[in-house]
Amino acid sequence: MNNHNNMPTTVLCYGDSNTYGYDPRSGWRYPEGVRWTSILSELLGEEYRVVEEGCNGRTTIFDDPLEGWKNGLDYLKPCLNSHKPVDIVILMLGSNDLKETFHAKASEIADGAGALVKTIHEFTEEKQGFIPKIILVSPPEIGEGIANSPFYGAFLENAISRSQHFPREYKRIADTYGCIFANAAEWIRPSEADSLHLDPEAHRVLAERLSEIVKNS
């Protein structure tokens, strides 16, 4: 909990399409009550304010050649400043960095997440006078059926093995910066519909696990 004049504890969820709530079957957005961010808000209750900041295609620090505005580093400072004081950041990015266009190793992707964590530390210390707790979430693995996914081409089979190295590399970053580490691959897998995005049940499981971590942080 915080001491900001009895304000709710602000939890900023900063991520990609799986934080936005992309529905792999319809291509639209899951409604309230299905997205893990909204379930998290329900589970945490009125003492917390959950901010949903998911964007389809968002990377850690890479500029997409077609949609460069999806670089997660570029939007991070404005986002932190808009929602301050921020008490907790749940950071789950890196899946889009597995796109073939970036040729990025798991270690390089984790280093990108580390650059975001470092930015959070420095910027919040300056702008709000304290550093929020950071829950660094290693993203779910890419599904084995990626070759049959509508997103095949952007992601190739090699994305599967690289995603399996995420937990070790993200744990390294969490240890370096004093983050709370969470491995989403221990709890959930992507939908068989596209091997990338989460089904409703996975959203619920993720929310339940993260709510426990938030309450105990």
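**A loop residue and its surroundings**

Reply: Tyr-152 is placed in the loop between β4 and α5 (158-164), in a model that is predicted. If the neighbours within four places in sequence are left aside, the residues in contact with Tyr-152 are Ile-146, Ala-147 and Glu-157. Glu-100 stands 52 residues from Tyr-152 in sequence, and their C-alpha atoms are 9.9 Å apart in space.

Of the 6 residues of β4, 5 are buried, so that the strand is mostly covered. The sheet itself is open and is formed by 5 strands in the order β2-β1-β3-β4-β5, with parallel pairing. At its edges stand β2 (48-54) and β5 (180-183), and because each has a single partner strand, one side of each is left without a neighbour in the sheet. From one strand to the next, the twist averages 15 degrees. Strand β4 (residues 133-138) is joined by 4 bridges to strand β3 (residues 88-92), and the two run parallel; within this pairing, Ile-90 has Ile-135 in β4 as its bridge partner.

Helices pack on this sheet, and two of them can be described in turn. Helix α3 touches β1 (9-15), β2 and β3, and its direction makes about 165 degrees with that of β1. Helix α6 (residues 166-177) packs on the sheet as well, touching β4 and β5, and its direction makes about 165 degrees with that of β4.

Both of these helices also pack against α4. For α3 (residues 72-83) and α4 (residues 106-127), the axes come within 10 Å and cross at roughly 25 degrees; an angle under 35 degrees counts as roughly parallel, and α3 and α4 are therefore placed in that class. The crossing of α3 and α4 is right-handed. On the α3 side, the residues that meet α4 are Gly-72, Leu-73, Leu-76, Lys-77, Leu-80 and Asn-81, while α4 contributes Ala-115, Leu-116, Thr-119, Ile-120, Phe-123, Thr-124 and Lys-127. Sorted by class, this contact of α3 with α4 holds 7 nonpolar, 4 polar and 2 charged residues.

For α4 and α6, the axes are 9 Å apart and the helices pack at an angle of about 25 degrees, which means that α4 is roughly parallel to α6. The crossing of α4 and α6 is right-handed. In this contact, α4 presents Ala-106, Ser-107, Ile-109, Ala-110, Asp-111, Ala-113, Gly-114, Val-117, Lys-118 and His-121, and α6 presents Phe-166, Glu-169, Tyr-170, Arg-172, Ile-173 and Tyr-177. The residues of the contact of α4 with α6 divide by class into 9 nonpolar, 3 polar and 4 charged.

His-103 is found in the loop between β3 and α4, where it has a positive phi of about 50 degrees although it is not a glycine; at 62% relative accessibility, His-103 counts as exposed. Ser-195, in the loop between β5 and α7 (200-216), is likewise a residue other than glycine with a positive phi, in this case near 65 degrees. Ser-195 has a relative accessible area of 3% and is therefore buried.

Methods
Residues numbered from 1 in each chain as written. Predicted model: local features only at pLDDT ≥ 70, side-chain atom pairs only at ≥ 80, totals over all residues. Heavy atoms only, no water. Axes fitted to C-alpha atoms, helices over the stretch in contact; angles between N-to-C directions. Parallel < 35°, antiparallel > 145°, perpendicular 65-115°, else oblique. Left-handed = near helix turned anticlockwise from the far one by under 90°. Contact = heavy atoms within 4.5 Å. Nonpolar A, V, L, I, M, F, W, Y, C, P; charged D, E, K, R; others polar. Pairing = 2+ DSSP bridges. Buried < 20%, exposed > 50% of the residue type's maximum accessible area, 1.4 Å probe, protein only.
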